[in-house]
Amino acid sequence: MAEWFWKRNYNKRTEEDYGLIRSIYYMLFVYIVVIPVSKLMYNLKIEGRENVPKTSKVIFAGNHVSYLDPPMMTYAVWKKVAYMGKKELFTSPSWLLRAMCISLGGFAVNREKPELATFKTVKSIFNTDWSLGIFPQGHIVNEPVIGNINKGFTLFAKKHKADIVPVAVCGFDGYAHKLFEKHMTLKIGKPISYELPDEEIVNQWAEQICELTGFENRVSTPVKEEVTIS
């Protein structure tokens with residue numbers, strides 16, 4: 001059983017992977033781990049939760065500053081969110097990181113050559129009451145800059161008629177090692193319509209993230225065509 005858990009190909013997930021058992025486990029993890037850590041270690045504040053659509057067919061797209069982004073983003077939007085991650089996370093030397101990616105419903109993507117299984121997994125997610133989580137920067141960025149965006153998330157939005165909701169991670173300046181050491185805020189922006197042209201979706205996402213975080217907007221640089229999300 002353990003060998004199957006670690007060696008399964010997690011670029012392909014089915015609707016069964018997002019069923020009742022994982023849903024219960026996911027929400028228990030949020031209540032027992034994410035909320036206490038967010039509140040007690042990072043004094044996390046949430047702004048803009050009223051902007052979260054009631055439907056689950058939504059793509060939550062955030063700036064990427066740390067490994068804390070997925071669980072904190074889930075807490076902020078208060079929905080079950082399946083995150084797309086680079087395949088290297090699922091073979092990481094850190095068993096804890098691997099276990100969290102796998103057990104919480106994450107799915108792997110080949111950043112060099114996205115596979116058909118990735119698109120099938122997104123379809124499976126939207127056939128359930130889960131939402132999709134993506135970080136359009138493609139990797140953790142340690143500078144207060146938004147640029148060089150991967151616009152693959154616009155393909156998913158248009159294919160599945162899912163609006164994009166920007167989620168801005170603000171105030172991260174390192175991992176906390178004691179209670180109340182850090183202060184962070186997650187700000188949820190206005191939904192962006194999937195019906196807009198690809199470039200307009202990317203521009204609006206970057207503009208909202210920069211407005212909410214105070215980061216520099218460099219989206220005038222060419223956007224990448226491939227889906228390279230971590």
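Predicted model: local features only at pLDDT ≥ 70, side-chain atom pairs only at ≥ 80, totals over all residues.
Q: Which residues do ring pairs link into a cluster?
A: The cluster consists of Y18, Y26 and W130, linked by ring pairs.

Q: Back to helix 3. How many of its residues are buried?
A: Seven of the nine residues of helix 3 are buried, and the helix is mostly covered. The buried residues are D69, M72, M73, T74, Y75, A76 and V77.

Q: At what angle do helix 2 and helix 3 pack?
A: Helix 2 (residues 20-42) packs against helix 3 (residues 69-77) at an angle of about 100°, and their axes are 10 Å apart. That makes the two helices roughly perpendicular to each other.

Q: Which residues make the contact?
A: Helix 2 contributes Y26, V30, V34, I35, S38, K39 and Y42, and helix 3 contributes P71, M72, T74 and Y75. By class, this contact has eight nonpolar residues, two polar ones and one charged one.

Q: Switching to the sheet: what is the strand order?
A: The open sheet of seven strands has the order 1-8-7-2-5-3-4, and its pairing is mixed. Strand 1 (45-47) and strand 4 (107-109) are the edge strands, each pairing on one side only. On average, neighbouring strands of this sheet are turned by 25° against each other, direction ignored.

Q: Why is strand 2 largely enclosed?
A: Five of the five residues of strand 2 (residues 58-62) are buried, so the strand is largely enclosed by the rest of the structure. V58, F60 and G62 point one way, I59 and A61 point the other way, and all are buried.

Q: How many bridges join strand 2 to strand 7?
A: Five bridges join strand 2 to strand 7 (residues 163-170), and the two run parallel. Within this pairing, F60 stands opposite V165.

Q: And how many to strand 5?
A: Three bridges join strand 2 to strand 5 (residues 131-134), again with the strands running parallel. Here F60 stands opposite G133.

Q: What about strand 3 and strand 4, how many bridges join them?
A: Strand 3 and strand 4 run parallel and are joined by three bridges. K86 stands opposite V109 of strand 4.

Q: Which residues of helix 4 are buried?
A: In helix 4 (residues 95-103), R98, A99, C101, I102 and S103 are buried. Helix 4 is followed by G105, which has a positive phi near 90°.

Q: Finally, how many helices and strands are in the chain?
A: The chain has seven helices and nine strands. Of its 230 residues, 53% count as buried. Among contacts between residues at least 6 apart in sequence, 78% join residues at least 24 apart.

Notes: Residues numbered from 1 in each chain as written. Heavy atoms only, no water. Buried < 20%, exposed > 50% of the residue type's maximum accessible area, 1.4 Å probe, protein only. Helix = DSSP H or I, 4+ residues; strand = E, 2+ residues; numbered from the N terminus. Pairing = 2+ DSSP bridges. Axes fitted to C-alpha atoms, helices over the stretch in contact; angles between N-to-C directions. Parallel < 35°, antiparallel > 145°, perpendicular 65-115°, else oblique. Contact = heavy atoms within 4.5 Å. Nonpolar A, V, L, I, M, F, W, Y, C, P; charged D, E, K, R; others polar. Phe/Tyr/Trp six-rings, centres within 6.5 Å; stacked < 30°, edge-to-face > 60°.
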